[in-house]
Amino acid sequence: MKKGLLLKWQWFLVLALSGQVLQAQSRCDITLKGKVVDAHTQEPVAFANVAIQGSNIGAMADENGVYAIDSICEGVYIIVCSHVNCDHAEHQVVLTEDTQKDFVLEQHGIFIEEVVVKGKAELLKATGAGGTLDASRLGSERGLSLGDAIEKLPGVTVLNTGSTIAKPVIQGLHSNRVLLLNNGVRQEGQQWGNEHAPEIDPFLADKATVIKGAGSVRYGADAIGGVILVEPRPLREKQGIGGELNLQGLSNGRTGLVSGMLEGRLSDKIPVSGRIQGTAKRGGNLQTPNYYLDNTGVEELNFSWALGMKKENWNTELFFSRFYTRLGIFSGAHIGNLTDLMNAIGRERPLQDGAFSYELGRPQQRIYHELFKWKGALETGEKGTLQLQLARQFNRRQEYDAHRPYGNLPDNFDEPQIEFEITTHTAELSWEHNPIRRLRGTIGAHFMQQANTTDRGALIPNYENYTAGAFWIERWKNYPSPLEVEAGLRYDYQWMDVGIQGQDTINRQLDFSNLSGTVGAIYRFPKLVELRFNIGTAWRAPNVNELFSDGVHHGAASFETGDPNMRPERAYNNSLTIELDDKDKLNATLNFFYNVIDDFIFLEPQPQPVLTIRGAFPAFRYAQSDARLMGLDWQLAYELMPALQVESQASLLNAWNRSRKEYLSLMPPAQFEHALRYSFGEGEKGKNAPYLRLAMINVLEQTRVPEGTDYAPPPPGHTRFKLEGGAQFRLSGQPLEVSLAVFNLFNTSYRQYLNRFRYFADETGRNVSVHLRVPFGKEGVKK
Amino acid sequence: MVLMNAKFMRSVFALLAVSALSWAGCQKDDDTPPTNETELITTVILNFTAPGGSVSSFKFSDTDGIGGNPPVAEDITLAANTTYQLDIEFKDESNASDVKDITKEVREEAEKHLICFAASGVLDIPVTLDTDADGAPLGLETELTTGQAGNGTLTIVLKHEPDKGAANPCNTGETDVQAEFDVVVQ
């Protein structure tokens, strides 16, 4: 009753306002009406609020879920539907005549914080900076690597080891400072190494979300750089069978790739859904503009399956994925000692010019990763949803040197020099409560047990690691109030038992514990502007390599030593994001960040080299300093003409060692991308229309480097171009999607500061990719 | 429809079974000590044969491998104005009870190996006598001629996969061993 009154009052205001603001429009008598129903029961949702975003125009649905808003002027609007027991749902409509629009609301969101509006899901917006890429925006780069695919987001760059290994870097931080969640499970491999890429099939990713900065209390303490969420496609909700086939060919390396997915759901009575998916990839030696890179082929074979059942108040899901790759390491980068390294740097081009070959020789890596998880969610009455997730991961990393081991005749190609195996069990329990007044929140706990076995080599020891953590996040939101506030707190405890390293017994127990926290807010101005602010603090326990490394890092020709008395890092992260969106022509996001990291762990060069029977090796020791990383990322899209869009994005970073008064080494240089995108024909806001996009990527020379610590100065800046295009059409009824991409369009020779092989060879030259996607199924498949 | 569902379920279960199999047997026994890095040459021995047939040997060794204790080199003493036959041996002495001779392997893979020399002071570099199957130098067997008395150094470098056709093959390939000896010529 009270609500009804309130609404009536609003109504008057609305009429008064709309008359003024929208006077210029030709037609102002359009009625929008429809029904709001529950996603599961298809029952009407009574008394939901339906409103036009950015205005006070709205209406409340009656007890049958029916609503109507009249006297709306022509235009494009975001219609928001909200209800006390649901999250709000948004839908864009183009109003030129009376329109019917039904809303499907997901009550008590069974998927965490997710709401289903016919074909569009909206997550609660993070208060920190970040971004999401869906399958189509992940694009042709999926055929390269996951790292290359998510590099499209501003603030995200990659750390390469040659052209076959790409590791994501968020605002200058990577490896153990970036947490990767593969389908909701913390990816646990040997992430500490610069040359250890994420062990995830890029084609399993239907969506990749990046959360920048230390604001993610939910996922773990050690993510002081940020979090990357890789999510597969949700299990099918509609009865029937569907799937898709992806075929991709890339000219460089003559790489071929096939990836298929098949999914189905039994019936509405037996709500069991399943999906199988697999990817096979093979590529040979890659090519720079002037020469082949010897031994840079790759082989990958991945598959996954998922099986789920969803009832009204509970659901359960099993998921298994397996990743296997064999990849060649550019042979020209393999060196014995410092003299060899200096000889290699002095060479204009690598010794092994190479020819094309699919053959994978030494040095190479073989990496195997599997994940098995079970997840269950149960609605606990009217109060909320309880969720439990159990997972087991196994990771094996084998590194083969250029050389097969001495003293083991005869031919024993299959013997690696380095082999690590790591097994991880995780359990996660969380309870998401339904709104209590204006508060929504989640409380949860996380447990992890991990055992590492170093089967060959002695770079890091065997260890066992136990972690327990608890978090609590609450969000205050009073739609349509423009302010939204979120706060979270987390406590973690870690215990580590370190055993044997090579021939030595270390036998040390270490434990670390501390708090992380975050406070953030979103303020939405009625039009155009949205502000997001976030302050977070997080800590990271030193990793085993930082504590106990002891040996030569092959390929880097450096002797690395850990320090068992290392303290944890503590990060304080401030981020301000300004988003401009006029729902029509302009969309821009600007993110400023200022991060302070105390006791930042880094490799410090030592004055005395280590003398060995292989000659002299420069010595490095893990050290700690106070650091500061600040910068600016932006992303902008503006529609110049109805078919022509201009895009721009940038990642700028300044990373400073406060203790030593010098810059931090190995930080990404300033990077810009400017693009023009032209759409042919209409489509839903040009989204599905054929398009062409020409992008200019401009990387500046990294001048902010500490003096005298590198073997060679950072490479000069460069500009390269990328051309992309795509079209969807039907071939005798069968929908098809073709995308074309040309990376390094003008075959530019360049080197990247963040490629560890920049001493030895150029980056790859022109690469033409053709990708064909064939969706199939009982009904039109892709939403 | 029912048929399709049954088929679908069957394939799902088949897959379940397959991945359950592939998943088993990965848990590792944690107590087995890891093997040391296998690519190990710990010792270089230089055997100098004087014209009369007497042999004197000098050793450069780093038995605990890279890191730990630095390598130890014996000082070489040679007679002035003498031509020695110099043979080089490589050994893995990391395990005292199981010393491995690597020289044989280097010889068997002669095309992939090259021994390079550097000398300073009163010393000249040795002349390589042996060759690989392609007729390119190897360097396990050499000849060193001393001149006047004095001091100097002799450095032995074992290269893996050098480019023997290059202008300076000793600047190519990967260094497996680099051993420097102090030499006294009397």
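Let's start with A:E263 and A:R233: both of these residues are buried, where buried means under 20% relative accessible area, exposed means over 50%, and partly exposed is in between, with a 1.4 Å probe and protein chains only. They also form a salt bridge, with the closest N and O atoms 3.2 Å apart. By salt bridge I mean a side-chain nitrogen of Lys or Arg within 4 Å of a carboxyl oxygen of Asp or Glu. A:E263 lies in strand β19 (residues 255-265) of chain A and A:R233 in the loop between β17 (226-231) and β18 (240-250), so the pair ties together parts that are 30 residues apart in sequence. Helices (H or I, at least four residues) and strands (E, at least two) are DSSP runs, numbered from the N terminus.

A quick word on ground rules. This is a predicted model, in which local features need pLDDT of at least 70 and side-chain atom pairs count only at pLDDT 80 or more, while totals for chains, interfaces and linings use all residues. Residues are numbered from 1 along each chain as its sequence is written, chains are lettered from A and ligands numbered from 1 in the order in which they are written, and side-chain values use heavy atoms, with hydrogens and water left out.

Back to the salt bridges, please. A:E237 pairs with A:K310, and here the closest N and O atoms are 2.7 Å apart. Since A:E237 lies in the loop between β17 and β18 of chain A, and A:K310 in strand β21 (residues 298-310) of chain A, this pair ties together parts that are 73 residues apart in sequence. So, buried or exposed: where does A:K310 fall? A:K310 counts as buried, at 14% relative accessibility. A:E237 is partly exposed, with a relative accessible area of 44%.

Next, have a look at A:D762, which forms a salt bridge with A:R751 at 2.7 Å between the closest N and O atoms. Both residues of this pair are in the loop between β43 (734-743) and β44 (767-777) of chain A, 11 residues apart. A:D762 counts as buried, at 15% relative accessibility. There is also a network: salt bridges that share partners join A:R475, A:E484, A:E486, A:R524, A:E530, A:R532 and A:E579. How many salt bridges does the structure hold over all chains? The total is 44.

Now for a sheet in chain A. Four strands form an open sheet in the order β3-β2-β5-β6, with antiparallel pairing; two strands pair if DSSP finds at least two bridges between them. The edge strands are β3 and β6 (89-95) of chain A, each pairing on one side only. On average, neighbouring strands of this sheet are turned by 20° against each other, direction ignored. For that angle, axes are lines fitted to C-alpha atoms, for helices over the stretch in contact, and angles run from 0 to 180 degrees between N-to-C directions.

Let's zoom in on β2 of chain A. Strand β2 (residues 49-52) is joined to β3 (residues 58-60) by 3 bridges, and to β5 (residues 75-82) by 4 bridges.

Over to strand β41 (residues 691-699) of chain A, where you'll find A:N698. Its side chain makes a polar contact with the side chain of A:T719, at 2.9 Å. A polar contact is a pair of N or O atoms within 3.5 Å; within protein, one must be able to donate a hydrogen and the other to accept it, and residues adjacent in sequence count only if both atoms are side-chain atoms. Leaving aside neighbours within four places in sequence, A:N698 is in contact, meaning heavy atoms within 4.5 Å, with A:A670, A:Q671, A:F672, A:H718 and A:T719.

Now a hop over to chain B. A disulfide, meaning a pair of cysteine sulfur atoms within 2.5 Å, joins B:C116 to B:C170, with S to S at 2.0 Å. B:C116 sits in strand β7 (residues 113-121) of chain B and B:C170 in the loop between β10 (150-160) and β11 (174-185), 54 residues apart. Why is this disulfide called left-handed? Because the torsion about the S-S bond is about -95°. B:C116 counts as buried at 5% relative accessibility, whereas B:C170 is partly exposed at 30%. Over all chains, the count is 1 disulfide.

Finally, chain A as a whole: its secondary structure comes to 5 helices and 44 strands. Of its 783 residues, 58% count as buried.
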